[in-house]
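My notes follow in the order I went through them.

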Amino acid sequence: MNPHMLAQLLVQLIVIIAVSRLIGRGARWLGQPLVIAEVVAGIALGPSLLGWLAPGAMHWLFPPESMPFLKMLAEVGLVLFMFLIGLELDPKLLKGRGHASVAISHSSIVVPFALGAAAGALWLYKSLSSPDVPFSSFVLFMGVSMSITAFPVLARILSERGLMQSKLGAIAIACAAVDDVTAWCILAFVVSLVRASDLAHAGLTTLFALLYIGFMLLLVRPFLARLGARVANREGLTQNVVAITLILLLASAWTTEYIGIHSLFGAFMFGAVIPKEGGLAAALAEKLEDVAVVLLLPVFFAFSGLRTQLGLLDTPEAWLTCGAIIVLACLGKFGGSAVAARLTGLRWKEAGAIGVLMNTRGLMELIVLNLGLDLGVISPTLFTMMVIMALVTTFMTTPFLRLLYSPEEQAREQLVRAPEPPLPPSAYTVLLCVSHGQAGPGMAVLSRALAGERDEANLYALHLLSPDRALKARAEEALDPSGGALAPLVGRAEKLGLSVRTLSFVSSEPARDICRTAQAKRADLVLLGWHKPLFSQTVLGGTVHEVMQEAGGTVAVLVDRGLTQVRRVLVPFVGSRHDRAALGLARRLVKQAGAEVTVLHVTSPDGAGAGRAQVEELFPAEEGAAVKLKVVRHASPEDAALEEAKAGYDLVVVGLGAEWGLEDRWFGVQRERIVRGAPASLLLVRHPEGAAVLAQTPEGARTQGSSPETTQPVGARS
């Protein structure tokens, strides 16, 4: 072995992962799953792009002698990945849908299998194969390659669209599960035929495969059930348990490789027989997924890309053949699934959406195609055509699904499925948006103060899951509103005697979905929890910025520094619409929680302020006794607010504005001084331009006035 091969492999891994993630950002922007980016990255690093633009760079990065090592690493990654796919298959998915799922999935296999086999027999075998490839093997393999549905890609698309818990998503994921199991069993049989020297050996391989499946179901599965119960009830997922699982996984993969049906089937089968109850499957997936998906799987895509040579399609006839393969693939998979779905009672739109989803091929198709190329069943030219087919059918899924099953129709179905009791139209409504659990307790304390002891507010706690996080968790656990990031908020709310309704769903557009939810719930206030971002120093960037730009009502961000009560409140004030919105929230805190509010009106050293008259009109005389107006003249309102904030307040409620060093922007490197320097918790308030200010208060005042530097109750008329 060349001593520099390790360094070569490390460089290859760096480039592969970096390019995959870079293209992945573009795929996200186009609304495509990450697998599209990884396939495109693999092709870009191969002879189709890098080898065409800079053949010397490609030869330096991927020299021929390094390919065996890259292939072995890709194979290990695939074994782990197929194990994860098996872990995701849950028999509960078929509960109540067995008949429809089996009918649709088998139709989506039989029809494209027949079309693929017919095309292989009548046309492709003559033009794209060689005489040394057995006719039966080629025809069967073409049928299988046309029949595959990408279960993981389909699951990712459903999660990104928030369809995992819908009727459509439940049927689609169940169909894909049945499809995967059936297709891999057929593929195992085809591989055994290809590898066997004669029909007798093929029959023997099939017999051993059946014995292996029986052994896994009758002996290994009960053992794994006992292991899962021990993990759930005693020590948890220890390193010894992980080691035992990996040994059994590798042994299962070795067994199927040895008997002639490929190691991937053994990995898939072992994952499928692990019981999904007790938490063992979920814990193993969480342990292994990042390594398999982020580190090893892109190696497989790069290896596939290095074998994809678009230059082989150098004639119009070749591209016409490729187009015909794409049409046949779509016709068989989409047509078979949609018609079967319609016959089971679904509406045409739902049946069409099922057909589009089942037409997703992606990663699973690439695995099958690489297997065919390794076995010598398909040629490099046909391999390239089929890779293009896999890309096109996967790429078209998201836009066609959006066309057939629009977000508006999805929302209507969710409203019908989960109606809520009617709410008083005059009730004050707050939408609490929680991204991380640590923000929850402080938001619960503030909500208690806003609602008052008589719960005069409707409170909704919203947690949005990113598609990646949703896929790592089991569907029912990921969408459980009482767990995860919402658990600390719900727990503190229960201790405070506060009623909070929880909402949780998957979102790839968090800001837009927050605004949609706020509009649907008629929220008077959108309250965002804040956590320190990785790169940006500004509180008001990223998703917060987007929500503030799109929301139609008041938005506030809570910077929690251990908020346990809301008794003393400071409101810096210069008179902007954001400041008046902050005063409106302060008035509610006075009325509902009996808070003591100090309004710090800052004027320029040589100018007059417009504070006292506005504050008096916002706080009637009966409430004004709890409000003190402090007028100071200072060249820097931000410094004046920081100095006053050190006087022992529980909460500082401040409106956005350059005078306070607070301006919402997409991305910033500045750190807002008032956020950094104030010792108390802060509530940063923004009111949209053009909207009525302070709907929760009496009609807003716009009078002008001035006051000397003084501190006195607002209700004390002078």
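This is a predicted model: local features need pLDDT of at least 70, side-chain atom pairs count only at pLDDT 80 or more; totals for chains, interfaces and linings use all residues.

**Entry: α16 itself**

I stayed with α16 and looked up its extent. The helix covers residues 362-375, which makes 14 residues. From first C-alpha to last I get 20 Å, close to the 20 Å expected at 1.5 Å a residue.

Next I wanted to know how covered α16 is. I find 12 of its 14 residues buried, so I'm using the cut-off of under 20% relative accessible area here. Among the buried ones are Gly-362, Met-364, Glu-365, Asn-370 and Leu-373.

**Entry: α16 and its partner α9**

What does α16 pack against, and at what angle? I looked at α9, residues 167-195, and found an angle of about 5° with the axes 12 Å apart. Angles under 35 degrees count as roughly parallel, so α9 and α16 are roughly parallel to each other.

I then listed who meets whom. From α9 come Asp-180, Trp-184, Leu-187, Val-191, Val-194 and Arg-195. They meet Met-364, Ile-367, Val-368, Leu-371 and Leu-375 in α16. Sorted by class, that contact has nine nonpolar residues, no polar ones and two charged.

The general rule I keep in mind is that an α-helix has 3.6 residues a turn, so residues three or four places apart point the same way.

**Entry: His-262**

I placed His-262 in the loop between α11 (239-259) and α12 (263-273).

Is His-262 buried or exposed? Its relative accessibility is 9%, so I count His-262 as buried. I also noted that a polar atom of its side chain lies 3.2 Å from the backbone nitrogen of Leu-264.

**Entry: α1 and α13**

Last stop, another helix pair. The axes of α1 (residues 5-29) and α13 (residues 280-307) come within 9 Å and cross at roughly 90°. I therefore put α1 and α13 down as roughly perpendicular to each other.

On the α1 side I see Leu-13, Ile-16, Ile-17, Ser-20 and Arg-21. They meet Val-294, Leu-295, Pro-298, Val-299 and Ala-302 in α13. By class I have eight nonpolar residues, one polar and one charged in this contact.

Definitions and conventions. Residues are numbered from 1 along each chain as its sequence is written. Side-chain values use heavy atoms; hydrogens and water are left out. Helices (H or I, at least four residues) and strands (E, at least two) are DSSP runs, numbered from the N terminus. The expected span of a helix is 1.5 Å times one less than its number of residues. Buried means under 20% relative accessible area, exposed over 50%, partly exposed in between (1.4 Å probe, protein chains only). Axes are lines fitted to C-alpha atoms, for helices over the stretch in contact, and angles run from 0 to 180 degrees between N-to-C directions. Angles under 35 degrees count as roughly parallel, over 145 as roughly antiparallel, 65 to 115 as roughly perpendicular and the rest as oblique. Contact means heavy atoms within 4.5 Å. Ala, Val, Leu, Ile, Met, Phe, Trp, Tyr, Cys and Pro count as nonpolar, Asp, Glu, Lys and Arg as charged, and the others, Gly among them, as polar. A polar contact is a pair of N or O atoms within 3.5 Å; within protein, one must be able to donate a hydrogen and the other to accept it, and residues adjacent in sequence count only if both atoms are side-chain atoms.
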